[in-house]
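User: I would like to go through this structure and ask, for each label, what it rests on.

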Amino acid sequence: MFNMSKRTEYYEQESVLPPNDSSVLMPVTTAVGLLNTQKNGLGSSIVIRAVCGCLNRNVESRILFGIKDTRAVAGILLDRVQRDEARLAWDQITSEKIFPRITHKYAAIYFVPVVTFNTLKRLDDTFVVEIYLKPLKDVLYSLRDGGRCILRDEDSEFELSSENVRLLGIRRKMKAYSGTIHGLLADIAKLKNNNEENGF
């Protein structure tokens with residue numbers, strides 16, 4: 001599961017996210033924009049690519065909706081029905097748009113309340129929508145339509161062919177096991193030296 005100590009309890013309206021916050025920001029500040037399958041909405045190709053790219057970074061990531069281009073918190077006014085529609089749209093992304101399928105254990109959507117800046121009074125039905133992503137180790141995620149793989153590095157995205165994805169997977173496995181391989185080679189060398197010293 002996710003490290004819940006990193007989760008934000010609330011966002012202060014008009015506060016500015018720090019520049020070192022590595023979240024992917026989607027400048028959507030309305031329910032219509034969030035539920036839109038075009039532009040930067042939940043079902044849009046931009047968001048689906050961002051989800052795939054974040055998962056392939058191999059670190060916990062998050063995507064935020066309700067933040068302005070200036071990194072200031074605006075929030076999105078969402079009633080219960082709209083929040084349910086957003087959850088359903090998110091379920092569709094995790095089950096139909098990304099391969100392999102992402103379970104709720106590794107991808108979650110949260111509606112974090114927005115409060116007034118000075119009084120910390122909660123604004124009715126106003127939220128920053130957070131998508132938390134925790135990738136599985138040694139798994140490369142791809143888009144279901146066409147099998148393209150997206151890698152994200154800071155603010156850049158790269159699209160890879162299936163052959164490049166295969167090579168990257170091999171490199172990641174080699175890197176993951178390189179310490180074990182070097183240890184085994186050292187053990188073999190020691191055994192070989194012991195056998196030579198003992199006349200075998």
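This is a predicted model: local features need pLDDT of at least 70, side-chain atom pairs count only at pLDDT 80 or more; totals for chains, interfaces and linings use all residues.

User: Why is strand E6 called largely enclosed by the rest of the structure?

Analyst: A residue counts as buried under 20% relative accessible area, and nine of the nine residues of E6, which covers residues 107–115, are buried, so the strand is largely enclosed by the rest of the structure.

User: What makes E6 a partner of strands E1 and E7?

Analyst: Two strands pair if there are at least two bridges between them. Strand E1 (residues 11–12) is joined to E6 by two bridges and the two run parallel, with Glu12 having Val115 as its bridge partner in E6. Strand E7 (residues 122–133) is joined to E6 by eight bridges, and these two run antiparallel; Pro113 stands opposite Phe127 in E7. E6 and E7 form a hairpin with six residues between them, and in the turn Leu120 has a positive phi of about 60°.

User: How do you know that Tyr110 and Tyr132 form an aromatic pair, and why is it called edge-to-face?

Analyst: A search of the whole structure finds two aromatic pairs. In the pair of Tyr110 and Tyr132 the rings are 5.8 Å apart centre to centre, with 80° between the planes.

User: Why are Tyr110 and Tyr132 called buried?

Analyst: Tyr110 has a relative accessible area of 16% and Tyr132 one of 5%; the cut-off for buried is under 20%, so both residues qualify.

User: Which residues have the most contacts inside the largest nonpolar core, and which element gives the largest share?

Analyst: The largest nonpolar core has 34 residues, and Leu42, Ile63, Phe65 and Ile98 are those with the most contacts inside it. Its largest share, seven residues, comes from helix H2. Phe65 touches residues including Met26, Leu42, Val47, Ile76 and Val128.

User: How do you know that the buried residues of helix H3 line one face?

Analyst: The buried residues of H3 are Arg83, Ala86, Ala89, Trp90, Ile93 and Thr94. Seen down the helix axis, they fall within an arc of 135°, so they line one face of H3. The face turned away from that buried side carries the exposed residues Arg80, Val81 and Leu88, while what covers the buried residues includes H1, H2, E5, E6 and E7.

User: Why does the span of H3 agree with its number of residues?

Analyst: At 1.5 Å a residue, the 18 residues of H3 should span 26 Å, and the end C-alpha atoms are 25 Å apart, which agrees.

Methods
Residues are numbered from 1 along each chain as its sequence is written. Side-chain values use heavy atoms; hydrogens and water are left out. Buried means under 20% relative accessible area, exposed over 50%, partly exposed in between (1.4 Å probe, protein chains only). Helices (H or I, at least four residues) and strands (E, at least two) are DSSP runs, numbered from the N terminus. Rings of Phe, Tyr and Trp (its six-membered ring) pair if their centres lie within 6.5 Å; planes under 30 degrees apart count as stacked, over 60 as edge-to-face and the rest as tilted. A nonpolar core is a set of buried Ala, Val, Leu, Ile, Met, Phe, Trp, Tyr and Cys residues joined through side-chain atoms within 4.5 Å. Contact means heavy atoms within 4.5 Å. The expected span of a helix is 1.5 Å times one less than its number of residues. The arc is that of the directions from the helix axis to the C-beta atoms. Lists of a residue's contacts leave out its neighbours within four places in sequence.
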